Amino acid sequence: MTTDRDQQSTCAWLAHHARRQPMAVAITEGRDACSYRNLAVDVVQFLDALTAIGIRRGQVVGVETGDRFLHLVLLLACEALGAIP
């Protein structure tokens, strides 16, 4: 059985945590840590950049980068936009 919670996107959950616990650690890599607020801000900035270059809902987008954090942010921005990575 699915619930409303199951239907929410990753970005909706990120926004939820960014509002409720903005300084909590969302992701770590080695010694680096990123808060929910900073991760949410990064996703919105990349969403804006994707929109500015003409990426639209339903469009297939190639995402490839050696930086795992950047890769994650791009995937989340694509999800928020409705593009298909």
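Helix H1 (residues 10-20) and helix H2 (residues 36-52) pack with their axes 8 Å apart and at an angle of about 135°. This angle makes H1 oblique to H2, where under 35 degrees counts as roughly parallel, over 145 as roughly antiparallel, 65 to 115 as roughly perpendicular and the rest as oblique. Axes are lines fitted to C-alpha atoms over the stretch in contact, and angles run from 0 to 180 degrees between N-to-C directions. Helices are DSSP runs (H or I, at least four residues), numbered from the N terminus. The model is predicted; local features need pLDDT of at least 70, side-chain atom pairs count only at pLDDT 80 or more, and totals for chains, interfaces and linings use all residues. Residues are numbered from 1 along each chain as its sequence is written, and side-chain values use heavy atoms, with hydrogens and water left out.

On the H1 side, the contact (heavy atoms within 4.5 Å) is made by Cys11, Leu14, His17 and Ala18, and on the H2 side by Tyr36, Arg37, Leu39, Ala40 and Val43. These residues divide into seven nonpolar, one polar and one charged; Ala, Val, Leu, Ile, Met, Phe, Trp, Tyr, Cys and Pro count as nonpolar, Asp, Glu, Lys and Arg as charged, and the others, Gly among them, as polar.

With a disulfide defined as a pair of cysteine sulfur atoms within 2.5 Å, the count comes to zero. Cys11 is in no disulfide, and the nearest cysteine sulfur, that of Cys78, is 9.8 Å away.

Conventions:
Helices (H or I, at least four residues) and strands (E, at least two) are DSSP runs, numbered from the N terminus.
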